[in-house]
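Here are some notes to read alongside the structure. Keep the viewer open and find each residue as you reach its name.

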Amino acid sequence: MGAPGDGPFQWDFVTPGLPDAAFADAPGFSPTPLELRVMLLAHLRPRSDSLVWDVGGGTGALALEIARLMPSGQVHTLERDPEAIELLKRNVQRFGAANLHIHAGDAPEGLAQLPPHPDRVLLEVGRPLRQVLDLVWEALVPAGRLVISTASLEGLVDATDTLSRLEARDLQVVQATVHRMQRRGSQARLAAAEPLFLIAAERP
């Protein structure tokens, strides 16, 4: 396995959970930690031919995980930050992910760029959440799955209240915290990443 920028990335294992170091990053941008990506993927449950929306793509780590697991499917990511978009492009090139498509824009207006009728949607909570969530829910096919991630209690409340109003099925809420060992001199300590709320639901 080479460092980012060393050419195409090689990963011969079938399990999800690419190493964090596999992705290009930049100051202020870091990939979603491996452990949280695996959990988000497990709740998303993509099929081999799914059409996935990733609203708020960031560095693209999660979108790339999905794209490599469903070679017959398509992932469309919407991102507003120009620096994040450049990172996305670098990571897509590094992984050779021809089925991952990048769209520049902000939600809710930018959602019109994405192909209709996704069966899986990833949504990073932002504002205005309720308006975005209503539009995403309307676009989602029946029995499609939505996974929302947020680090804030306000985002958690907004998401669960809105999904209850939309009569979502199989509503699940998980708080995930990842602790990793770090060594300082002769001592080893566990350091916590930022906690994340995961909200998963299915459209009737």
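1. The mean pLDDT of the chain is 88, and 93% of the residues reach 70 or more. Among the elements, strand S1 (residues 51–55) has the highest mean pLDDT, 97, while strand S7 (residues 179–184) has the lowest, 81.

2. Now look at the start of the chain. Over residues 1–6 the pLDDT stays under 50. The model does give this stretch 13 contacts beyond four places in sequence. Please be careful with them: where pLDDT is low, the predicted coordinates should not be read in detail.

3. Next, the largest nonpolar core. It has 27 residues, and the members that touch the most others are Ile-66, Val-75, Leu-100 and Val-147. Two or more residues come from each of helix H1 (34–44), helix H2 (61–69) and strand S9 (196–202). H2 gives the largest share, with 6 residues.

4. Which residues is Val-75 in contact with, leaving aside its neighbours within four places in sequence? They are Val-52, Ala-63, Ile-66, Ala-67, Met-70, Asn-99, Leu-100 and His-101. There is also a second, separate core of 26 residues, whose members include Val-125, Leu-140, Ile-148 and Ile-199.

5. Helix H5 deserves a slow look. H5 covers residues 153–165, 13 residues in total, and spans 18 Å between its first and last C-alpha, close to the 18 Å expected. Its buried residues are Gly-155, Leu-156, Asp-158, Ala-159, Thr-160, Thr-162 and Leu-163. To follow that list on the helix, recall that an α-helix has 3.6 residues a turn, so residues three or four places apart point the same way. The buried residues of H5 pack against helix H4 (129–139), strand S5 (145–150), strand S6 (169–176) and S9. After H5 comes Glu-167, with a positive phi near 60 degrees.

6. Is His-103 buried or exposed? His-103 sits in strand S3 (residues 100–104), and it counts as buried because its relative accessibility is 14%, below the 20% cut-off. Its side chain makes a polar contact of 2.8 Å with the side chain of His-76. Beyond four places in sequence, His-103 also touches Thr-77, Leu-78, Glu-79, Gln-113 and Leu-114.

7. The structure holds 1 aromatic pair. Phe-23 and Phe-95 are stacked, 5.3 Å centre to centre, with 25 degrees between the planes. The pair links distant parts of the chain, 72 residues apart: Phe-23 is in the segment before H1, and Phe-95 is in helix H3 (residues 82–95). Phe-23 is buried, with a relative accessible area of 2%.

8. Stay in helix H3 to find Asn-91. Leaving out residues up to four places away in sequence, Asn-91 touches Phe-23, Ala-24, Thr-59 and Leu-64.

9. For contrast, visit Ala-193, in the loop between strand S8 (187–192) and S9. Ala-193 is partly exposed, with a relative accessible area of 26%. Its contacts beyond four places in sequence are Pro-33, Thr-177 and Val-178. The C-alpha atoms of Ala-193 and Phe-95 are separated by 25 Å, and the two residues are 98 apart along the chain.

10. Finally, check the backbone. Most residues other than glycine have a negative phi, and most peptide bonds are trans. Which residues does a cis peptide bond join? Ala-107 and Pro-108, with omega about 10 degrees; Pro-108 is in the loop between S3 and strand S4 (120–124). Arg-45, in the loop between H1 and S1, has a positive phi of about 55 degrees and is partly exposed, at 41% relative accessible area. His-117 has a positive phi too, near 60 degrees. His-117 lies in the loop between S3 and S4 and counts as exposed, at 57% relative accessibility.

Conventions. Residues are numbered from 1 along each chain as its sequence is written. This is a predicted model: local features need pLDDT of at least 70, side-chain atom pairs count only at pLDDT 80 or more; totals for chains, interfaces and linings use all residues. Side-chain values use heavy atoms; hydrogens and water are left out. pLDDT is the predictor's confidence in each residue, from 0 to 100. Helices (H or I, at least four residues) and strands (E, at least two) are DSSP runs, numbered from the N terminus. Contact means heavy atoms within 4.5 Å. A nonpolar core is a set of buried Ala, Val, Leu, Ile, Met, Phe, Trp, Tyr and Cys residues joined through side-chain atoms within 4.5 Å. Buried means under 20% relative accessible area, exposed over 50%, partly exposed in between (1.4 Å probe, protein chains only). The expected span of a helix is 1.5 Å times one less than its number of residues. A polar contact is a pair of N or O atoms within 3.5 Å; within protein, one must be able to donate a hydrogen and the other to accept it, and residues adjacent in sequence count only if both atoms are side-chain atoms. Rings of Phe, Tyr and Trp (its six-membered ring) pair if their centres lie within 6.5 Å; planes under 30 degrees apart count as stacked, over 60 as edge-to-face and the rest as tilted.
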